[in-house]
Amino acid sequence: MSDKRRAEIEAKRAKLAELRKARADRQRAETERRQSEAGPSSGARRDVDELVNQLVGNRSGLDTGGDVTPSSSLPNTPPRPTANLFYGSTLSPSGRVSRQSDAGSDRVSMGTTMVGMTEHIERVVTPRFIPDLIDVDQELFELPQRERVIYNKEVQTTAIETETPRISEEDIRQQILRERELEAERIAQDKELEEESVQLEKEIEQEIRELTEEERAHILSAPEFLDFVEQSSKILQRALNDGYDYIRDYTIGTEANGDDSEGKRVKRICAFYDERYGKNRSITDIDWSPKYPELSVASYNKNPAALNEPDGIVAVWNLHLLDRPEFVFHSQSDVLSVTFSPFHSNLVFGGTYSGQILLWDTRSKHLPVLKTPLSAAGHTHPVYAMQMVGTQNAHNLITSSTDGTVCSWLVDMLAQPQETLELNYAGHNKTGEVAITALDFPDNETTTFWVGTEEGNVYQANRYDRAGAKAGLNQYDVYKGHAGPIMGLHFHPLVGPVDFSDLFLTVSVDWTVKLWRAKSLAKPSTTAQVIAPIYSFDEADDYVYDVKWHTSHPALFGTVDGSGKFDLWNLNTDTEVPVVSTNVGSGRAINKIEWDRKDGRRAALGGSDGKLYVYDIGDMALPRESEWTDLQKTIAGFIGGAQANGVADGDATRIVAGR
C-alpha cells in the first residue's frame, strides 16, 4: 500500500470517527434535554403522592382497627357497636381501654318482640348480675408515632406562575419548520455517514486483499522495494554481526600466568567473501577508508566464466557486515588499482586494465560517476599504481601505466589530465619506455616520486623542473638489485622523533625483499651511478607480491607472498627471519597488504582466491620509546656492512642521525 493511499484511508477513518462522535454527542444532548424538562414536575408529583398516601393510609388503619362488631345473642337482633358496651370508656393512644366502675346504666330490662309470629309472647327478662368492674391497664398493641407535618405561611402561600406566554400561530409554524429541517438534516448526515462508512470498508477490504502472483512479482522487483530491503537488511546484519559479548562476567579474574607468546600472536578477525562477486576472481588492490576505520575497499579482476557480469568489480566491505559488501561498483574492464580519497570519504578511485580512471561515489549507484576517456590524452595501458597527493584544498590524483605515462588529475575533472609525463630511460636498448608496476611518494613530498618497473629497477622521477633536476626520469640514479619485476614499493612513514622517510622497501618475483635508502634530493647526481640496497631479506620461498611499513611502529613491516604467507618483520628484533609467519587461507597467493590508518592493529590481505582477510597483530603494533633509537643502530649496522662489502655509497651518517 502506497504512503499516499494509506494517508487517504487514515483521513477517511478520522472523518468517519468525527461524524460518529458528533452524532453520539447530539443524541446525548437530546436525551439530557428531555430529562431536564420532565425531571422537576415528576419529582414534585412524587412528593405529593407520598404525602397523601402517608396521611390516608394511617387513618384507614386506625378506623379499621377500632370497629368491633360482636354477634347478637338472639336472631334478628341488630348488632351493637363496641362503643355502646362501655359508656364513658376511653381508648388511650397506647391502646389501653379504661372502663369505669359505674356501669349502672347498663342494668336495664330488655324485651324481645318476635316479628311474624301468630302469638304475641311477652316475657320479663330478669336483670343479670353485673359485678363491679375495676380498671386494668393492658397493652394491646403499639401504634406507630405519626410524624407531624407543619406548614408555615411561606410554603402555603408560594406564588406560582400560572400564566403562560402567548405564542402566535406564525411562531409555532416557524418552530415546526425548523424542527423538520433539523430532523431532515440529521437524517441526511446519518445517511451520508453510513454511505461513507460502507465505502471506506470496501476500500480497506480492497487494499488488504490477497495479491496475485503477478502483483507480488511486480512489487518485489520494484526499485523502491529493493532499496528498502537492501538498506534495512544491512542495518540488521550489522547489529547481528556485533562481536561484543553481552553476557561477559567481569567478576571472573584472568589467569595470572599468561602465555609466553602473548603479544606476538596474529589473529584473524574475518574473511570477506561473497559468492556473487568474488567467484573466479582475484583481489588486485585494497585500501582502508581514511574516515571510517571499519570500511575497506577491494578491487577485483575479471571472471572468465561469467560473460554477462561486469569485468571489473570494486567492493566496499564493513567489519560489522561480514556476509556481503556495503557497496558494490562495476567497471567495463578489470580494476587493477583502487584507493579511497583521503579528502572526500564518499569517493573511490580505480585504475583499470584498459587505462581508464574511474570515480565512484557511495551516494550513487553501481556505475562510475566520472571516468577518463579512452584516448591518447590519458592512459592507454594498464594502470597498476595510483596515489593521492596534496592537501585538502589543493590535491591531485597521480596515476601511472605500464607504457611509462604518469598523469595528474583533478578530482572533479577527469575529461583530460592536468599534467602528463612520459618516463623514458635512455639506457634501454630497444625502447626508452619504462613499464611502471609500482609508484610511491615519500611523506610530505608532492613533486618527487619513485617507481618500480618490470625490468626490476627503481627510478626517481620529478613532476616539475626543480633546482638541478628536470621534469621526468632521473637518468643518472638507477636503483638496481632485483632480478625480476618489482611488485611493490613503499616509503617509511614520517612518524616519531626520528625521520626515516628516506627509507623504502621493495619486493619482487625474485623471492626477495630489499631495503633502500633514497638519494638526497639536495645533492643531485651529475654522472650515472648504480645504487644498491642496504639490506636484502631472502627468507621467502615464493614470489613476494607486496610490502608495507607499519603506520606507527618504526621497525615493523609486513610482506605477503605467493605461498599464502603473511610475514611480520621487526628489524629491532631480528633481521634474518620474520617475528611471526602466518599461513593465510587455503594456501593460495596473497596479492596485497594494507595497514589500517587508525592505529595499525589490523592488516587487510587480498588473496587470489577472491577473499579479503583481516588480521589483528595485537600489542605488536604498540612501539616502545626506544624503538626509534634502536632502529637507528640497526640501520647503521646495515650500512656499515654494505660499506665493508663495497656496495653502498659513502653517505652513511645521514641515515643514523636522521635528515
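Trainee: How many aromatic pairs does a search of the whole structure find?

Mentor: This is a predicted model, where local features need pLDDT of at least 70, side-chain atom pairs count only at pLDDT 80 or more, and totals for chains, interfaces and linings use all residues. Residues are numbered from 1 along each chain as its sequence is written, and side-chain values use heavy atoms, with hydrogens and water left out. Rings of Phe, Tyr and Trp (its six-membered ring) pair if their centres lie within 6.5 Å. The search of the whole structure gives a count of 19.

Trainee: What is the class of the aromatic pair of tyrosine 425 and tyrosine 459?

Mentor: Planes under 30 degrees apart count as stacked, over 60 as edge-to-face and the rest as tilted. The two ring centres are 5.1 Å apart, with 45 degrees between the planes. The class is therefore tilted.

Trainee: How many residues apart in sequence are the parts that this pair ties together?

Mentor: Tyrosine 425 sits in the loop between strand S15 (419-422) and S16, and tyrosine 459 in strand S18 (458-462). Strands here are DSSP runs (E, at least two residues), and helices are runs of H or I with at least four, numbered from the N terminus. So the pair links parts whose separation in sequence is 34 residues.

Trainee: Aspartate 287 and arginine 597 meet in a salt bridge. Is aspartate 287 buried or exposed?

Mentor: A salt bridge is a side-chain nitrogen of Lys or Arg within 4 Å of a carboxyl oxygen of Asp or Glu; here N to O is 3.0 Å. Buried means under 20% relative accessible area, exposed over 50%, partly exposed in between (1.4 Å probe, protein chains only). Arginine 597, at 39%, is partly exposed. Aspartate 287 has 6%, so the class is buried.

Trainee: In which strand does glutamate 594 lie?

Mentor: Its side chain meets that of lysine 548 in a salt bridge, 4.0 Å from N to O. Both lysine 548 and glutamate 594 are buried. Lysine 548 lies in strand S25 (544-549), and glutamate 594 in strand S29.

Trainee: Which residues is glutamate 445 in contact with, leaving aside its neighbours within four places in sequence?

Mentor: Glutamate 445 lies in the loop between strand S16 (436-440) and strand S17 (448-453). A polar atom of its side chain lies 3.2 Å from the backbone nitrogen of threonine 447, and one lies 3.2 Å from that of threonine 448. With contact meaning heavy atoms within 4.5 Å, the residues beyond those neighbours are Arg466 and Leu521.

Terms used:
Polar contact = N/O pair within 3.5 Å; in protein donor to acceptor, adjacent residues only side chain to side chain.
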